[in-house]
Amino acid sequence: MATVQFKGIVKKFGDNLVLNGVDVDIKDHEFVVIVGPSGCGKTTLLRMLAGLEEITDGEILIDNLLVNELHPSKREIAMVFQDYALYPHMTVEENMNFALRLRKMDKAEIASRVAEASNVLQLNKFLKRMPKQLSGGQRQRVAIGRAIVRKPKVFLFDEPLSNLDAKLREEMRVEIAKLYQRLNATIIYVTHDQVEAMTLAGRIVIMNHGIVQQVGSPIEVYRKPCNLFVAGFIGSPTMNFMTGKLALEGEALFFKNEDIKLSIPPYLLSDAKKHDGREVVLGVRPDDVLVERDGEKCSDKVQGVLEVCELLGHRENLYLKVGGMRVLATVEAFFNRSPGSAVTLCFNYKNMHVFDKATESRISE
Amino acid sequence: MDILKSIYEVVWFILLVAAGVAALEGYFYTHFKFYARAWFFPAVLGVFPALALAVFGGLLGGYTFKLWLYFLLAEAAIAAFFRYAVKGRHTVPYLLLAPAFVGLALLLVYPFVFEVYLSFHDLKLTTIMMWKNTGTLPFVGIDQYVKVFTTSPLSEVTFWALLGRTLLWTFSNVFFHVAGGFILALMLNNQIRFKGFYRTLLVIPWAMPQVVAVLAMRGEFHSTNGFVNILIGKLLAVFPFLAALGVAPVQWLTDYPLLTCTLINIWLGIPFMMVVILGGLQSISSSYYDAADIDGASYFQKLRFITMPLVRPVMMPAVTLGTVWTFNNINVIYLVTGQAGGTEQADILVSALYKAAFTYNRYSYSAAFAIVVFAMLFFFSVFYLKSFDAAKDER
Ligand SMILES: Nc1ncnc2c1ncn2[C@@H]1O[C@H](COP(=O)(O)OP(=O)(O)OP(=O)(O)O)[C@@H](O)[C@H]1O
Ligand SMILES: [Mg+2]
């Protein structure tokens, strides 16, 4: 239960600039998920908040208290490490109550907190075991248990589910969501996983090269990615991108490249004249590529060739070729066409994104 | 051309060893490869005993029929073993192990067996000629073992006094080795400049030949010219009040020989522990310390709850080894106090044993003595490793 503020956070390892001015405000009792490609500085940011890494420049505030120089234990945070970092020579119970024992807390209080946490996480059976004798998922629950017995203000999770298999990951994701509702605490959660980010987050922070690219609710960053990086990073399968030029013909604006020509309606880009001749990238999610279908607010029909079909179960991925361009469409199963056949497709304007090619930032509404 | 001659001798010796190994491998290879052939028994029984007689006969009491018979029996046993038990399995591993195994047998097993033999007989200055001439020794049963516990191996100290002294010596040495090694390792495990340089400096006492190191240190404990007393003298000159506390130059070698030996041996033994513990420290993942930081552990709490338990697995074998080495450490004590007219005040079991054997020529008594010492160390090690294993299984 606390607010967290990053103000102009800079981190350098020697000459290597890892974080370059991170500004994020996290509200009380918020679930914030940080995503970004490997090496973009997510772990570093968490470790700086935890106090395990020096802050090169900038300020971190927890509950409006400047914590730059505060010892990790005084920050009232708990961290679940990517490799769990369970003490290998202590039982599950000792692992969980280590922090409380160090604080010389009352024995009865310790016992009740451990009991409570192990009930929530269903660890009762394992309390006397060593970490080595647990499965990955159990260890992960112990790591979470170790965090919650301390009743911290802020929880930090560093890719906690990345070592688990898909099924367990799904289960634990639900557990963490439940835990969040129960704990009523502020959670900062780092992940690589799209689904985790979209399902757990109240807000998503997308980072790249040590810079925050966009902060917003999952739906915001999905629907209105603010630049090419976010558009390409969020959503799976990845968005289709088409490079080309905008051209004014009469009053109407058109997107043109060697392969296609699409009219750009005014509600996508108002003030058509301003954009004449601009180099842009058009983005359409595979879901919004309509194949052999008519949609409302759909673009002009385009001719393409079906190259490969991938059946996913209830959906099907179609790899299409439009002129020299590759376009991926995701449609309802079953799309009964053999590879090589000609298809017509169109793009759903409602969810089309236009980015400036030079600045890579969004220019459509 | 002395140098050429030396080189020639070395090369000749190497070739001899190589030929020995080759002969051994050939011998085993035959047994592995042809164990199933019909001519296996006649061939090996015909060839190898005769060869062995030809090669070793001169050494082992003449080219007699009796010796050949021994060889024949041995060969029959070996051949039967290969035919019915080994059956040509695991050829390569055994062929690779054979030279080392035979070497160890010659260097360890034979002397050990001979020592046990000696300990039940009576070999001393008065019987040695008899042994030389007849090859037999008077059998005395466990007499020698009784004497170990009832008479002094030296001129005055008893076995029990020596044992107590040895335990004190071992304990104090190992304690300070571990403590000193731990502190130095902790310091070296930090991010400090010139770390490699310090580490090299600290390892020097260990890397130096022990004889050189010990003799040099003995010189430093000399009563007038040694660095230790000179330092004490300078300190007294600067801080006169120290004299009131009883600090004064000391006749280290004559008045406190055991203490001197202990100081020297501590100095010698710390680097080994330091290197081992440093290795252990470096293998502890830093994420445990991160977790402990967040959990609110202070420096000493981290040391106690994280570092100590986690270096224990690497430290325990080193402590076991160190205990055995210290218990058996004759170098330091003999080099510091062992010269003619040297004191007995610093002797521990093994150095007394050495003196009993080679100064007082009581060979059989020393053999029994050695076996008693061996038994103590053996049970200690087994117990230690067992308890260590038990501790490991808990994890
Ligand atoms: N102790 C360090 N010394 C030097 N460079 C470091 C250190 N720790 C991290 N870095 C560098 O900082 C950058 C960011 O690392 P960080 O661990 O924060 O990435 P991440 O976003 O967590 O990546 P991942 O998703 O792979 O865990 C990387 O380029 C890394 O090489
Ligand atoms: Mg990371």
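Let's start with chain B, whose domain assignment (bounds from an automatic or database assignment) gives domain 1 at 2-89 and domain 2 at 151-361. The centres of these two domains of chain B, taken over C-alpha atoms, are separated by 48 Å. Keep in mind that this is a predicted model, where local features need pLDDT of at least 70, side-chain atom pairs count only at pLDDT 80 or more, and totals for chains, interfaces and linings use all residues. Residues are numbered from 1 along each chain as written, chains are lettered from A, and side-chain values use heavy atoms, without hydrogens and water.

Now for the interior. A nonpolar core is a set of buried Ala, Val, Leu, Ile, Met, Phe, Trp, Tyr and Cys residues joined through side-chain atoms within 4.5 Å; buried means under 20% relative accessible area, exposed over 50%, and partly exposed in between, with a 1.4 Å probe and protein chains only. The largest such core has 62 residues, of which F6(A), I9(A), L156(A) and I188(A) touch the most other members. Helix 15 (residues 299-327) of chain B gives the most to this core, seven residues; helices (H or I, at least four residues) and strands (E, at least two) are DSSP runs, numbered from the N terminus.

The backbone of chain A has its own points to visit. The peptide bond from S236(A) to P237(A) is cis, with omega near 0 degrees, and P237(A) is found in the loop between helix 8 (228-233) and strand 11 (240-249) of chain A. Phi of A85(A) is near 50 degrees, a positive value in a residue other than glycine, and A85(A) is buried, with a relative accessible area of 2%.
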